[in-house]
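Look at the sequence and the model below. The paragraphs that follow start at a pocket and move on to a strand and the nonpolar cores.

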Amino acid sequence: MTRLPHHHTTLVTGATQGLGRGIALDLAARGGTVLLHGRDAGRLAAVAAELRALDAGGEVRTYRADLADLDRVAELAARIADAEPRLDALVHNAVVGAGPRPLEREVSAQGHELRLAVNHLAPYALTRGLLPLLTASAPARVVNVASLGQEPVDLDDPGFEKGYEGLRAYCRSKLALVTATFALAGELAGSGVTVNALHPAHLMDTEGVRAYGLTPLVGVEEGVRPTVRLVVDPGLAGVTGRYFDRFTDARAHEQAYDPEARRRLMALTDLWTGARTGAPGA
């Protein structure tokens with residue numbers, strides 16, 4: 001096991017259950033400081049207690065926020081930037097799955113399709129908000145937990161208002177996240193901040209998988225190992241702009257490599273998140 005110095009700080013979103021909790025426990029056991037994000041105060045406190053009980057040398061701090069509201073995402077970034085002296089890694093794990101009612105199109109606080117909002121817009125906005133801290137802490141790593149399930153975003157209907165279905169919306173949001181991974185990696189080249197995405201494991205035993213009615217095939221620990229590798233493996237220092245299928249450097253859906261599609265998606269993303277004018281990677 002690669003040990004981490006106690007000051008090595010990682011923020012894990014969606015850390016109160018499933019894959020996020022597993023990632024947090026693994027990083028804490030290595031001696032690193034872990035920042036836990038979640039929506040539920042009780043669950044946050046329970047997972048924080050689990051990590052502290054490991055007594056591995058690092059610290060544990062909690063941050064509560066609803067990632068379905070971009071105003072709360074901005075507040076979260078500001079709170080972390082104000083309170084934390086450094087941020088060595090940021091793991092975007094929080095997710096809205098396909099849901100138990102896949103034909104019901106839900107929206108975020110700002111009116112965006114919910115899966116796109118939480119799985120793509122929120123991590124992009126949070127990364128943007130934390131970039132000064134990440135850059136100041138460089139070398140630093142951003143890890144986006146994506147999925148093998150990827151579907152092209154309809155750029156003429158990016159909000160998926162026609163023919164909506166939850167699993168397809170999830171797959172579109174994950175491809176958008178991968179596209180943003182490549183765009184940000186290009187923009188941040190030379191900054192000391194790397195950005196990579198991965199498919200952690202197929203059909204893990206998580207609430208999201210079960211809620212859609214799918215049968216889990218593997219335990220959460222199968223997804224923990226490849227995700228934590230992107231945070232701690234010294235052999236990946238400087239590796240950026242990649243998509244991994246578990247441990248393998250792989251190729252994502254072709255839309256993520258289409259310059260015009262990327263430009264259009266990132267322009268919309270910047271517009272919707274209130275980011276700077278211009279499209280990263282354009």
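A pocket is an open set of grid points with protein on both sides within 12 Å along at least five of seven lines, and its lining residues have an atom within 4 Å of a point. The model shown here is predicted. Its second largest pocket has a volume of about 220 Å³. The lining of this pocket is made of 15 residues, and those nearest its centre are His8, Pro139, Ala140, Arg141 and Val231. By type, the lining holds 7 nonpolar, 4 polar and 4 charged residues. Two elements that each supply at least two residues of the lining are β5 (140-145) and α7 (221-232).

Of its 6 residues, 6 are buried, so the strand is largely enclosed by the rest of the structure. In a regular strand the side chains alternate between the two faces of the sheet. Here Ala140, Val142 and Asn144 point one way, while Arg141, Val143 and Val145 point the other way. β5 pairs with β4 (residues 89-92) in the parallel sense, over 4 bridges. In this pairing Leu90 stands opposite Val142.

The largest nonpolar core has 37 residues, and Leu11, Ile80, Leu126, Leu130 and Leu134 touch the most other members. Elements giving two or more residues to this core include β5, α3 (70-83) and α4 (114-136). The most comes from α4, with 12 residues. Leaving aside residues up to four places away in sequence, Leu126 touches Leu11, Thr13, Val73, Leu76, Ala77, Leu90 and His92. Another core, of 30 residues, lies apart from the largest one and has Leu4, Leu19, Leu51 and Val60 among its members.

Methods
Residues are numbered from 1 along each chain as its sequence is written. This is a predicted model: local features need pLDDT of at least 70, side-chain atom pairs count only at pLDDT 80 or more; totals for chains, interfaces and linings use all residues. Side-chain values use heavy atoms; hydrogens and water are left out. On a 1 Å grid over the protein atoms alone, a cavity is a set of points where a 1.4 Å probe fits but cannot get out, and a pocket is an open set with protein on both sides within 12 Å along at least five of seven lines; lining residues have an atom within 4 Å of a point. Grid points are joined across faces, edges and corners, and a volume is the space filled by probe spheres set on the points. Ala, Val, Leu, Ile, Met, Phe, Trp, Tyr, Cys and Pro count as nonpolar, Asp, Glu, Lys and Arg as charged, and the others, Gly among them, as polar. A nonpolar core is a set of buried Ala, Val, Leu, Ile, Met, Phe, Trp, Tyr and Cys residues joined through side-chain atoms within 4.5 Å. Buried means under 20% relative accessible area, exposed over 50%, partly exposed in between (1.4 Å probe, protein chains only). Contact means heavy atoms within 4.5 Å. Two strands pair if DSSP finds at least two bridges between them.
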